[in-house]
Amino acid sequence: MTERKPPGVSWETWADKQIQDAERRGDFAGLEGAGKPLPALDEPYDPLWWVRRKMQSEGLSALPPSLVLRKQAEDAEAAAMAAPTEARARRIVEAVNEDLREALRRPPQGPPLMRGLFDVEQVAADWRAAHPEPDPAEQEQEPEPREAPAKGFRRLFRRTRQA
């Protein structure tokens, strides 16, 4: 659509002709999302929809890092109790403890953290109390990756320090 509108032709006619030419060339064939409903069509209008979508795609949060970490600690506690093995529960809590230590070393960004470190032994004891005796074969399969929530908090701290 680099050509100019010819004089004497209305904008509507010229635009319609451009669209029809593009359809004949197949420029609209195979577009992403063709035939699918528009996202969030049934939701009420939000004037900041594009800001929220951009923040979600970039993995950003509107919350201060201390509140993000507080929520991460709550989620980690629930994940530790739902973990299939005691060793996995320990790793989840230790990963969050590492982030809590890092946050407690520096002044808080936002409201106070109001959260201490997890007692790993207490979490393990709570896990044992909530779960029947584990199968010895399960405990031998130890090496699993770190939990993802810990990485997100470090990335958030790096971004806020750079700003």
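Colleague: Which residues of H4 are buried, and which residues of H3 and H4 meet?

Modeller: First, the ground rules. This is a predicted model, where local features need pLDDT of at least 70, side-chain atom pairs count only at pLDDT 80 or more, and totals for chains, interfaces and linings use all residues. Residues are numbered from 1 along each chain as its sequence is written, and side-chain values use heavy atoms, with hydrogens and water left out.

Now the setting. The protein has seven helices and zero strands. Helices are DSSP runs of H or I with at least four residues, strands are runs of E with at least two, and both are numbered from the N terminus. Of the 163 residues, 23% count as buried. Buried means under 20% relative accessible area, exposed over 50%, and partly exposed in between, with a 1.4 Å probe and protein chains only.

On to H4, residues 86–105. Its 20 residues should span 28 Å at 1.5 Å a residue, and the end C-alpha atoms are 28 Å apart, which agrees. The expected span is 1.5 Å times one less than the number of residues. The buried residues of H4 are Glu86, Ala87, Ala89, Ile92, Val93, Ala95, Val96, Asn97, Asp99, Leu100, Glu102 and Ala103.

Take H3 (residues 65–81) next. The axes of H3 and H4 come within 9 Å and cross at roughly 165°. Axes are lines fitted to C-alpha atoms over the stretch in contact, with angles from 0 to 180 degrees between N-to-C directions. The two helices are therefore roughly antiparallel, a label for angles over 145 degrees. H3 passes H4 in a left-handed crossing, meaning the near helix is turned anticlockwise from the far one by less than a right angle. On the H3 side, Leu69, Gln72, Ala73, Ala76, Ala79 and Ala80 meet Ala89, Ile92, Val93, Val96, Asp99, Leu100 and Ala103 of H4. Contact means heavy atoms within 4.5 Å.

The axes of H4 and H5 come within 9 Å and cross at roughly 145°. H4 passes H5 in a right-handed crossing, the clockwise case. Glu86, Ala89, Arg90, Val93, Glu94 and Asn97 of H4 make the contact with Val120, Glu121, Val123, Ala124, Trp127 and Arg128 of H5.

Methionine 114 has a positive phi of about 50° although it is not a glycine. At 69% relative accessibility, methionine 114 counts as exposed.

Conventions. Parallel < 35°, antiparallel > 145°, perpendicular 65-115°, else oblique.
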